[in-house]
Amino acid sequence: MKRIYLDYNATTPLSPEVKEFYIEQLDNFANGSSLHEDGRAVAKTIEKARQQVAALVNITPAEIIFTSGGSESNNTVLNTMVALSQKKGNNIIVTSAIEHPCVLEASKRLQEQFGLEVIYLPVDKDGIISQKEYQLALEKKPLLVSIMTANNEIGTVQDIKKLCQMAHKSGALFHTDAVQAAGKIPVDLTDWNVDYATFSSHKIYGPKGVGALFVKKGCPIEPLIRGGHQEHGLRAGTYNGASIAAYGFAAERAKEDLVEYGKHTSALRNSLKEGLLASIPGIRINGHPTDVLPNTLDVSFPGAEGEAILLHLDLMGVSASTGSACASASLDPSHVLMATGLGPELAHGSIRFSFGKYNTQEDVDYILKNFPPVIERLRKMSTISYSE
């Protein structure tokens with residue numbers, strides 16, 4: 001059976017061209033910190049990658065710190081606030097109720113172990129930050145605001161430039177988790193004027209285990225991992241040279257393909273959305289109707305349970321998700337969907353379809369032909385009542 005992969009927000013495959021490049025780079029095994037010729041050759045590929053990643057989001061290469069991925073980068077920024085709060089006497093962090101678990105858990109740690117105050121902003125039914133609550137939070141003169149650019153579950157895209165301007169007026173630093181946005185939609189960090197931002201390679205057809213942290217020149221940063229001199233002493237550890245080089249290569253390809261990627265994935269997303277609305281009564285589309293990632297479609301199916309839907313999709317040969325892959329072992333309903341006002345029943349009965357550049361209209365047609373009868377059967381079997 002041919003499998004259809006619709007879980008690109010969880011991770012992407014290595015693109016053929018990145019895979020070929022990556023395999024070549026594996027032969028360059030030397031330590032990028034070594035002063036001999038082999039080491040200098042690896043260091044050169046790392047610096048080229050720094051330029052390529054920086055170009056994707058319009059910043060200077062010197063503002064990039066390579067890390068193991070988005071979670072480490074986010075934790076580094078939030079960990080920095082511990083020392084900064086002691087220095088400034090300001091202990092308020094503002095974030096949103098729909099952030100990635102790594103931001104929420106790191107914020108919780110700041111609260112419980114270090115006594116910082118964390119304000120979790122509510123969102124509306126589409127996942128957009130409440131402007132009223134945001135303004136009230138800013139009146140408390142917070143130390144840091146951390147708002148994700150695009151949500152990994154429902155795809156809602158925030159107006160980061162506006163949110164950052166408001167934060168700066170209050171004297172706060174601004175961080176955005178741009179892991180799901182960079183390489184999918186235009187991201188211009190210089191125009192947005194953010195202080196920190198995070199990215200990850202495996203969301204843009206690069207290898208796993210490598211990512212980047214943007215720190216605007218002059219902004220404070222404390223190393224999360226200490227030891228060596230790598231990354232100007234801000235991130236210790238022997239360079240993962242091959243992966244960093246492949247990440248840079250993937251970032252360059254993503255920048256070149258950005259417009260075509262948006263057209264391709266949004267066409268497939270809209271086709272599936274319209275087909276599901278026409279063929280399955282009573283469903284709900286989650287996320288903002290227009291300010292949304294082009295590849296992301298989150299759908300609630302009243303009267304059916306998410307794990308059962310996912311199992312039947314898997315038997316059909318379709319890989320999708322019930323939410324964030326980082327929380328897939330949890331039986332709790334999606335914190336993102338709950339924050340938008342969905343009750344536990346609808347949150348439990350939601351599926352995220354996230355498209356990539358290797359999906360086709362034939363994939364959508366297959367789902368629209370075979371999936372609606374699955375929901376009909378599940379509704380008849382379910383103990384959850386449903387009426388059209």
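Reply: What follows is a set of questions and answers about a predicted model.

Me: Why is Leu-213 called buried?

Reply: Leu-213 has a relative accessible area of 1%, and buried means under 20%, so Leu-213 falls within that term. Leu-213 is found in strand 8, which covers residues 211-215, and, leaving aside its neighbours within four places in sequence, it is in contact with residues including Glu-63, Ile-64, Ala-197 and Ile-221.

Me: What makes the pair of side chains of Asp-195 and His-168 a polar contact?

Reply: The side chains of Asp-195 and His-168 are joined at 2.8 Å, and a polar contact needs a pair of N or O atoms within 3.5 Å, one able to donate a hydrogen and the other to accept it, so this pair meets the distance limit.

Me: How do you know where the buried residues of helix 9 lie around its axis?

Reply: In helix 9, which runs over residues 306-316, the buried residues are Gly-306, Ile-309, Leu-313 and Met-316. Because they cover an arc of only 80° around the axis, they lie on the same side of helix 9. The buried residues of this helix pack against strand 11, helix 11, strand 12 and helix 12.

Me: What is found at the start of helix 9, and what follows the helix?

Reply: At the start, a side-chain oxygen of Glu-305 comes to within 2.9 Å of the backbone nitrogen of Glu-307, while the helix is followed by Gly-317, whose phi is positive, near 95°.

Me: Which residues touch the most other members of the largest nonpolar core?

Reply: That core has 63 residues, and those touching the most other members are Phe-66, Tyr-134, Val-145, Phe-174, Leu-189, Val-194 and Phe-199. Helix 8, residues 241-279, gives the most to this core, with eight residues. A second, separate core of 25 residues includes Leu-276, Met-316, Phe-355 and Phe-371.

Me: What does Phe-199 touch, not counting residues up to four places away in sequence?

Reply: Among the residues that Phe-199 touches on that count are Val-57, Ile-64, Ala-182, Leu-189, Phe-214 and Tyr-247.

Key: Residues are numbered from 1 along each chain as its sequence is written. This is a predicted model: local features need pLDDT of at least 70, side-chain atom pairs count only at pLDDT 80 or more; totals for chains, interfaces and linings use all residues. Side-chain values use heavy atoms; hydrogens and water are left out. Buried means under 20% relative accessible area, exposed over 50%, partly exposed in between (1.4 Å probe, protein chains only). Helices (H or I, at least four residues) and strands (E, at least two) are DSSP runs, numbered from the N terminus. The arc is that of the directions from the helix axis to the C-beta atoms. Contact means heavy atoms within 4.5 Å. A nonpolar core is a set of buried Ala, Val, Leu, Ile, Met, Phe, Trp, Tyr and Cys residues joined through side-chain atoms within 4.5 Å.
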